[in-house]
Amino acid sequence: MRFVLNGKRRDVDAAPLRRLLDVLREDCGLTGTKEGCGEGECGACTVLVDGAPVNSCLVPFAHVRGRTVTTIEGLRSRLPEALVREGGTQCGICTPGVLMAAAALGRRPSAARVREALAGNLCRCTGYAGIVRALAGARAVPRPRVRHAGPPVRDRRPSSRRSARRGEARPVEE
Amino acid sequence: MRGATTLSLAHADGVKTVARHAIGLRYPTPVRVVGRSVPRKEGLAKARGRARYVDDLRFPGMLHGRTIRTAIPSGELLGVRFDFDTAGFTVVDHRDVPGRNVVALIQDDQPFLVEREIRHAEEPVLLLAHEDRDALRAASVHLDCRSSEPVLDPERSPRAFKEIAIEKGDLARGFAEAGVVVEGEYRTGRQEHVYIEPQGVIAVPGAGSVTVYGSLQCPYYVHKALVALLGLPPEQVRVVQTETGGGFGGKEEYPSIVAGHAALLALKSGRPVKLVYDRLEDMAATTKRHPSIVRHRTGVAGDGRITAMEIDVLLDGGAYCTLSPVVLSRACLHATGPYRCENVRVRGRVVMTNTPPSGAFRGFGAPQTVFAAEVQMDRVAETLGLDPAALRAGNALRPGDTMATGQRLGEDASALAVLHEALERSDFHRKRRAWTGTGRGIGLSLFFHGAGFTGSGEVTLASRATLELTPRGARVLVGSTEMGQGTRTTLAQIVAETLSCPLERIEVAEPDTARVPDSGPTVASRTCMVVGGLLKACAEEMKGRLGGLSPSAYLRRHGPLTVTKQYEPPPGIAWDDATYRGDAYGTYGWGCDVAEVELDPVTYEVRPTRVTAVAEIGRAVNPLLAAGQVEGGTAQGLGWALLEEVVLREGRMANAQLTNYMVPTTLDTPPIDVTILESPYRQGPFGAKGVGEMPMSGPGPAVANAVRHLGLDVRSLPITPEVVLECASSSTESEETSTRPR
Amino acid sequence: MATPLARLALLQPRTLEEALRQLRDEGPLVPLAGGTDLYVGFHFGTVSGRRFLDLQGLETLRGIERRGDTLVIGALTTYTDLIRSPLVSRRLPILAEAARTVGSPQIQNRGTLGGNVANASPAGDTLPVLAVAEAIVVLRSAAGERRVPFGSFYTGYRRTVARPDELVVAVEVPRVEGRQWFRKVGTRAAQAISKVVMAAVRAPRPRIALGSVAPTVVRAPRTEALLAIGGPLAEAQAVLLDEIRPIDDLRSTAAYRRRVSANLLAQFWAETSRIPPAR
């Protein structure tokens, strides 16, 4: 059956109702797309079909006849670098799916728009913070701060005054 | 100018040290990477889909494996019937075990495969392997069983795996001093890890040997279990960790079982066997967080000083012991919360029920008891009419204070520092006043987490780390694993800076038991602190021996150089396991969370709108990665607080699908404002303590206390809308609360 | 255990007529639209059929058009199509709202309205909307066309009047007068199966429909009638509780569903009282 895969025309012989996920991983040798649940809940298997993100664990191979399929291996984007830079990838298993779902976002999306577009991608490591930061920008999602704890506090009552001795917090840089 | 200068350029790609090798330049030039947010080493490979997890691997002639499991929670296996043609299948049962049919861990009570006694649903009985996955799935096996009455209620269990008692001072005197006594019972449920990559291994047989590749946290745990199961000499068993898609403790001890099963199939068939669980099996059969029932009885003086703490801890260990004694230990050692009290008694039990065994999960007992302690604190505050922050500040542990085990805290005890920071950062008091009665709530939790193994644990582990000189720099050889928390990168940073070698020239070897030493398990928030500390010592020695030569020059002149260091406890640490007295942990991390929620009056949903998380972790070797642990752990804690519930029916997980076991999506997770405080721990590399687990303890009680601020008395997790409705509907007077003015 | 997909048969008709002939002559065949329900069934091994009819190529079944006062939505229209359709936004905005609450963007890009209707789950998110819109389900077979009022389409838990040789080809939505309202209460904020889902229209004769509180989607005629004659809200809530039959299940409790249904009625009533009527 003919289709376009990551920009190249392919002709793959596979049973029509096999999952697109399995055809990609096994028949085409592209293991970047992952299986996290097999029930369309985690989004780790997200690929683009004609530019639209779909769960490849729920797509029959027959349905990509004549269509364009894009996997993480074929993603042309600087988002992977941004994701790494902002701590948006930890164990990495959800990352390809996240990036493919993010491909549907326009330029400079808001944090809210990013969260909506990624509502179908579960991440258990990052709390989504680094992911949203990478995709919406550090202004939308401030980076964590690091500061010195200051001298040991011994007093009983919590102080409501900002203590100059404790030093300014610096944001996590880069 | 002669005598070159070193340029240190901070790039988005990390720190590059450009040393101009001009004549007269001394080697090495300083490298400053500790405390920088350098990108994780394998980050781009993961983001481009090039990282290889176990299911991405294939071996020639490989078979697929499948586990046949019990459906009943308790009883006897009488017989097995195959309703399919077994030709072409490899079949393994307990009789095929060459060594001991026992998962070597603590009590050695759990079999790899059922022999006769069935102790929980989803217990493995039989293994199948076949080339064709469809044929494998279609194979129908009938288990003939006789049921017996299961024990499903931990409060009715006839057997405890472990009991612990911690006593300090004189409880009776403490209660006599109290003006008010507050009692309460708090419950938390099972939690499933939901690492997005399910459990999986590939076992490859050799002549009288086996190699297992897998998704796991502790290659040496697996190694030990395989040696016992297979009856092979240790050097004939090899375990290699593949890139692992999340662990959270769920891949601490459980992979030994997957590995053992795959190895049995591989050795019997003579072919590589891939055994990967699908999500349903993974959720139904693998370990969960121990459910808890914790009872508090607290005596408080009129000025808010806690005079007595009496605490009972009951954990449900499931069918087999696994790591329950250690979970109970940590639970009991954190049961008082981060507070000072002269008179304490903590009694803990972890008991058997006929449910799939409970196991390690981020926090490892502490989140359960910290939940109870922190909700109890808010109830005490409520009873006394005190500000919950002030009550905590008045009782918080300070440097020099003595804990329940008699441990004296060092200068890096930061309970008050994190509390102050969180209150200020979140504008807690103003919101607390302004939001009363508006449908918005704000609550706080103060918590702590002992870094490393309890008591003499680290000494027993006797962890080792090795550093090997390479022509370009050095190679780290440790059994510690990367599972997303940043091990590979942070350990490399510690070595790079100590050795004065650019970060990109420090390699971290794949954790392969044939190559790396046993650095202890990657658990207990110990890796950066303990193993990083060993590597720092290795690097210091290596640097000394290099004597100013470059690595390649040294190798040319002197040949190979390898340095290995073994754990030595810091001076002055003493622990008595028999009496449970002494220094339970070398040091502690400190945390404070403030949770802001809003209650939907139509649906009773509690929506978290913001969490302020403050963590004092000694030193952030890599601030971005450390913050990632706080962000991720806080989100996972929110899931435990509000959404995640394992529903058991007749001892079996009824909601073992991601459709029905709810983990937070992007829309369920609020902004998490993270502040990391640094108060260097002298015994940690560059001052680092542990960070990975502590964030799990904060959200549960912070959310419960925010819900209390809304006027709802909830004392259990998860706080689902159904629970909120029931709470709002029932009377406000609870049977357990008794406040007796004296 | 998971269904062996390589061993299943797929017929791929090129026209609707061919598809209907195959359904009649080469059955039993299970229709395959977006696959988002079917493939979950395959994964958990709950699909008993072994032969499938691919509707994907039948482009005439996809699309939204206006015929006079009626909105005609092809069965293969996806949730994303519904969300993006200006026609739907104008005529039946609560259908777009319901589509937005279904699954995730990935599911929305594949799942179809016809699938949601034919699947007959009591929790189908679009079903209460179609119920209050008093839509018509258009069925076709080789023998001809059959038009079934939405209220008569479901006969029991996951059962419809559709015969094995019939396909849902379209849903026709007449003009809806009044203010439209929709709310889904799920197990979490996104990607959630509903615990209670309600669609309603505020008009001289109000219309109210709920999902996940009975074996099928249900209208609440007695509640509607009471509100139509100006009955007090509290009484209407009591009547509503009598018209639904929620159960305890994995996701929620009957008690919760009852209380929330009553609350949703109150919210609908309050929120639609000040908004000017839609044109």
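Helix H17 of chain B, in this predicted model, has as its buried residues Pro699(B), Gly700(B), Pro701(B), Ala702(B), Val703(B), Ala704(B), Asn705(B), Ala706(B), Val707(B), Arg708(B) and His709(B). A residue is called buried if 20 or more other C-beta atoms lie within 10 Å of its own, exposed if 12 or fewer, and partly exposed in between, with C-beta atoms placed from the backbone. Since 11 of the 11 residues of H17(B) (699–709) are buried, the helix is largely enclosed by the rest of the structure. Gly711(B), with a positive phi near 105°, follows H17(B). Helices (H or I, at least four residues) and strands (E, at least two) are DSSP runs, numbered from the N terminus. The model is predicted, and local features need pLDDT of at least 70, side-chain atom pairs count only at pLDDT 80 or more, and totals for chains, interfaces and linings use all residues. Residues are numbered from 1 along each chain as its sequence is written, while chains are lettered from A and ligands numbered from 1 in the order in which they are written.

Another helix of chain B, H18 (721–729), has Pro721(B), Glu722(B), Val723(B) and Val724(B) as its buried residues. These pack against strand S26 (606–616) of chain B together with helix H12 (254–271) of chain C. Contact here requires that the C-beta atoms of two residues, placed from the backbone, lie within 7 Å.

The largest nonpolar core holds 370 residues, and Ala203(B), Ala262(B) and Val495(B) touch the most other members. Helix H14 (527–546) of chain B gives the most to this core, with 11 residues. Such a core is a set of buried Ala, Val, Leu, Ile, Met, Phe, Trp, Tyr and Cys residues joined through C-beta atoms within 7 Å. Leaving aside residues up to four places away in sequence, Ala262(B) touches Gly65(B), Val201(B), Ile202(B), Ala203(B), Val212(B), Val273(B) and Leu275(B).

Turning to chain A, 5 helices and 7 strands are present, and they follow the pattern β-β-α-β-β-β-α-α-α-α-β-β along the sequence. Of its 174 residues, 57% count as buried. Chain A is divided into domain 1 (2–74) and domain 2 (79–136), with bounds that come from an automatic or database domain assignment. The centres of these two domains of chain A, taken over C-alpha atoms, are separated by 20 Å. Between them, 14 residues of domain 1 of chain A are in contact with 12 residues of domain 2 of chain A. On the domain 1 side of this contact in chain A, strand S3 (46–49) and strand S4 (52–55) each supply at least two residues, and S3(A) gives the most, with 3 residues. That side divides into 8 nonpolar, 5 polar and 1 charged; Ala, Val, Leu, Ile, Met, Phe, Trp, Tyr, Cys and Pro count as nonpolar, Asp, Glu, Lys and Arg as charged, and the others, Gly among them, as polar.

Chain A also meets chain B, with 58 residues of chain A in contact with 70 residues of chain B. On the chain A side, helix H2 (79–85), helix H3 (95–102), helix H5 (129–136) and strand S6 (145–148) are the elements that give two or more residues. The largest share, 5 residues, comes from H2(A). By class, the residues on this side of chain A are 27 nonpolar, 15 polar and 16 charged. Strand pairing also links the two chains: S6(A) and strand S29 (672–678) of chain B run parallel and are joined by 4 bridges, where at least two DSSP bridges are needed for two strands to pair. Val146(A) stands opposite Ile676(B) in S29(B).

In chain C, an open sheet of 5 strands has the order S4-S5-S10-S6-S7, with antiparallel pairing. Strands S4 (64–67) and S7 (144–149) of chain C stand at the edges with a single partner strand each, so one side of each is left without a neighbour in the sheet. Neighbouring strands of this sheet are turned by 25° against each other on average, direction ignored; axes are lines fitted to C-alpha atoms, for helices over the stretch in contact, and angles run from 0 to 180 degrees between N-to-C directions. S4(C) is joined by 4 bridges to the antiparallel strand S5 (70–74) of chain C, in which Thr70(C) is the bridge partner of Arg67(C). Helix H1 (16–25) of chain C lies across strands S6 (136–141) and S10 (167–173) of chain C, running at about 75° to S6(C).
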